[in-house]
Amino acid sequence: MIFGNLCAVVRSQRALRAVVTLVLIVVAALALPATGTAAITPVGSPLSIPATFNTTENLGYQGMNTAVPPTAQYPNGIVHTAHFGADTALWNVSTSAGGAAMPTGGEAVQIEIEGCAIPAAGGPAPLTQVHFQDLSPVPGGGAHVNLTSAAFDVPVCGAHGAGPSTVSTFKPFNLCVNAGDYVDLNDEGGFVANFYRAGVPYEVLGAARGAEVDSFIRGNGTVNGSTFAPSDSSAMEGFAATSGTELLMRVQLGTGPDARYVCPGGSKNAPPTLSPLSVHPQTDGINHERVVSFAIYCRPASGCPGSASVSVGGRTVGHATFNLQGDKTNHLPIRLAASVMNLIRKHHGIPATLTATTGSTTVTEAITVKIL
């Protein structure tokens, strides 16, 4: 009976130790730092409010009043035009969530827009074609256009259920950005007399505390290379800043493996890196002075400084330093040890290994050495 109780105690202690060990393993695992970091970062609007403002009525331009004969539509005989219906670029300088500049270089791999294009009552369908652009800030405010995406179409309000809370997703290609840059929404105006005098009203803005949207309007004035300067401003076009308003646009910033290799810091779809040195299998002759010239290709145009060695059976039998000419095949002479000649004569040639190093690159290739 005593022996049975003792065995039960031992089993209980073993079970307890197993449980404690398992708990410690779990705790240790939870304490380990994350081994990977997210390569996609959302930048811009959190898209947390519906679009209630539009690009015709709610940008910071004074506009212009035009006197017309009084009608039922204009009983006071005044027509107000908010701004020219020309190409328009608008971008967040700040949002309700904070800054809107890119935190690092990379690629704008996906862009989400909340809202739609408002059709004019009784008028033609609105122009819905928009682009996205990479902007670099310039001293004194404003921005410079670096890149423009292909065209995309935003939905028309009321069509297929689209409304102020509709979020559309677009995927530009190779829209590279640098740290501190902005991404803008660039529309093509869409002016139509009597219907879209100030351009198509894109309902993609909302009231947001702490937010600011900057904009620039000019026919053919928002293309690559354009500069949007705050000093270039008038009642109907040029630069404007609109406080308390947020462009409901969110950029998914890809970095590292989620940004194409053509963008800053990107590595996606990168072509293979070619070695600066290349040595192919070869058979080379040794002369009476025991010198062998080995063919080594140097890729960089600047040349390849380094060293090379020849080994036979794991033993180094020759060594030389070099400064090879770039973008060509060089023939590097190396004097081999006297003991090698007897082996070559006896076997009518011997297998060897050529190793060449430049910088951090080392290449090794099997070669054959024989008497000329």
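Me: How many nonpolar, polar and charged residues does the lining of the largest cavity have?

Reply: The general idea is that rolling a probe the size of a water molecule over the atoms shows where empty space is left. In this predicted model, the lining of the largest cavity has nine nonpolar residues, two polar ones and no charged ones.

Me: Which residues line the largest cavity?

Reply: The lining consists of Val 43, Gly 44, Trp 91, Asn 92, Ala 100, Met 102, Tyr 182, Val 183, Leu 247, Met 249 and Val 251. Two or more of the lining residues come from each of strand 1 (40–44), strand 4 (88–95), strand 13 (182–187) and strand 18 (249–254). The space in this cavity is about 70 Å³.

Me: How many cavities of 30 Å³ or more are there?

Reply: The count is two. The second largest cavity holds about 40 Å³, and the residues that line it include Thr 55, Thr 56, His 83, Asp 187 and Val 200. By class, its lining divides into four nonpolar, six polar and one charged.

Me: Let us turn to open space. How much space lies in the largest pocket, and which residues are the closest to its centre?

Reply: The largest pocket contains about 350 Å³ of space. It is lined by 18 residues, and Thr 56, Glu 57, Phe 195, Arg 197 and Pro 201 are the closest to its centre. The lining of this pocket comprises nine nonpolar, seven polar and two charged residues.

Terms used
Residues numbered from 1 in each chain as written. Predicted model: local features only at pLDDT ≥ 70, side-chain atom pairs only at ≥ 80, totals over all residues. Heavy atoms only, no water. 1 Å grid on protein atoms, 1.4 Å probe; cavity = no way out; pocket = protein on both sides within 12 Å on 5 of 7 lines; lining within 4 Å. Points joined across faces, edges and corners; volume = space filled by probe spheres on them. Nonpolar A, V, L, I, M, F, W, Y, C, P; charged D, E, K, R; others polar. Helix = DSSP H or I, 4+ residues; strand = E, 2+ residues; numbered from the N terminus.
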